[in-house]
Amino acid sequence: MFKAIKSIVITTLVCLTAFQFDTTSVSALPSGISSKATAQSQLNALTVKTEGSMTGYSRDLFPHWSSQGSGCDTRQVVLKRDADSYVGSCPVTSGSWYSYYDGLTFTNPSDLDIDHVVPLAEAWRSGASSWTTTTRQAFANDLTGPQLIAVSASSNRSKGDQDPSTWKPTRAGASCAYSKMWINTKSRWNLSLQSSEKTALQTMLNTCTY
């Protein structure tokens, strides 16, 4: 387990210091979304247990929007990656973004939040409370998997730190990819899930046709 996390941490920290921007490769969804079969296998392998407490939790324990060099931080990297088009470079000043969760399109980056698919507080309750700050920083700035996505600020804030048993994207067509992103992130970071969360994820995954 710890070898897997160590590998992710090293890869992510490399991204934090040496990320190369590719303005010609853009998408509403992050890369690394598994096939239905792979997501099912990952879900089956996750540990099911009662969630831990929030005792000791603070967002400050997950340093996020780390510097990516050249005046850019993680937020700006995701804004560029997820845009259909954009103007400006760190900061991005305008563009076009499709919010996958609710199907809305935005041109002002201030209307967008970068969502942690698995919220920081949820990660804390699922195993991250025992991580080092370095590992939590890598998780909070994870550019190597589908853990970060640019979405409408309203959808991100309605979600808060809820898991799929109590929140899912309002756009019905988003359930499949959302479940895959959640499952992939928990699998890659060796986080547990509770029974109701697994049931909800299975229901969402069952809607997938790919």
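Me: Which residues lie nearest the centre of the largest pocket, and how many line it?

Reply: This is a predicted model, so take everything here as computed. The lining comes to 19 residues, and K49, S126, N190, L191 and S192 lie nearest the centre of the pocket.

Me: How much space is in that largest pocket?

Reply: About 280 Å³.

Me: And how do the lining residues divide into nonpolar, polar and charged?

Reply: Eleven are polar, four are nonpolar and four are charged.

Me: Which helices each supply at least two residues of that lining?

Reply: Three helices do: α2 (36-45), α4 (120-125) and α7 (175-188).

Me: Is N190 buried, exposed or partly exposed?

Reply: Partly exposed, at 29% relative accessibility.

Me: Which other residue has a positive phi although it is not a glycine?

Reply: S70 has one, also given as about 55 degrees. That residue sits in the loop between β1 and β2 (72-73). S70 is exposed, with a relative accessible area of 76%.

Me: OK, new topic: aromatics. How many aromatic pairs does the structure hold?

Reply: Eleven. One of them is Y57 with W124, an edge-to-face pair at 5.8 Å centre to centre with 65 degrees between the planes. That pair links distant parts of the chain, 67 residues apart: Y57 is in the loop between α2 and β1 (67-69), while W124 is in helix α4.

Me: Is W124 buried or exposed?

Reply: Buried: the relative accessible area of W124 is 7%, and the cut-off for buried is under 20%.

Me: What about the rings of Y101 and W167, how are they arranged?

Reply: Their centres are 5.6 Å apart and their planes are at 65 degrees, so that pair is edge-to-face as well. Angles over 60 degrees count as edge-to-face.

Me: Which parts of the chain does the Y101 and W167 pair tie together?

Reply: Y101 lies in the loop between β4 (94-99) and β5 (104-106), and W167 lies in the loop between α6 (153-159) and α7, so the pair ties together parts 66 residues apart in sequence. Y101 and W167 are both buried.

Me: Which residues do ring pairs link into a cluster?

Reply: Y57, F62, W124, W131, F139 and W189. F62 also has a charge over its ring: the charged end of R136 sits there, 5.8 Å from the ring centre.

Me: And R171, which ring does that one lie over?

Reply: R171 lies over the face of Y100, at 4.4 Å from the ring centre.

Me: Zooming out, how many helices and strands are there?

Reply: The protein chain has eight helices and seven strands. It runs to 210 residues, and 50% of them count as buried.

Me: What share of the contacts with a separation of 6 or more comes from residues 24 or more positions apart?

Reply: That share is 77%.

Me: Now S152. Where does it lie, and what does S152 touch?

Reply: S152 lies in strand β7 (residues 148-152). Leaving out residues up to four places away in sequence, S152 touches S99, D102, F106, D111, L112 and D113. S152 counts as buried because its relative accessibility is 0%.

Me: How far apart are A37 and Y210, in sequence and in space?

Reply: They are 173 residues apart in sequence and 8.5 Å apart in space, C-alpha to C-alpha. A37 has its place in helix α2, and A37 is exposed, with a relative accessible area of 55%.

Note on methods: Residues are numbered from 1 along each chain as its sequence is written. This is a predicted model: local features need pLDDT of at least 70, side-chain atom pairs count only at pLDDT 80 or more; totals for chains, interfaces and linings use all residues. Side-chain values use heavy atoms; hydrogens and water are left out. On a 1 Å grid over the protein atoms alone, a cavity is a set of points where a 1.4 Å probe fits but cannot get out, and a pocket is an open set with protein on both sides within 12 Å along at least five of seven lines; lining residues have an atom within 4 Å of a point. Grid points are joined across faces, edges and corners, and a volume is the space filled by probe spheres set on the points. Helices (H or I, at least four residues) and strands (E, at least two) are DSSP runs, numbered from the N terminus. Ala, Val, Leu, Ile, Met, Phe, Trp, Tyr, Cys and Pro count as nonpolar, Asp, Glu, Lys and Arg as charged, and the others, Gly among them, as polar. Rings of Phe, Tyr and Trp (its six-membered ring) pair if their centres lie within 6.5 Å; planes under 30 degrees apart count as stacked, over 60 as edge-to-face and the rest as tilted. Buried means under 20% relative accessible area, exposed over 50%, partly exposed in between (1.4 Å probe, protein chains only). A charge sits over a ring if NZ of Lys or CZ of Arg is within 6 Å of the ring centre and within 35 degrees of the ring normal. Contact means heavy atoms within 4.5 Å.
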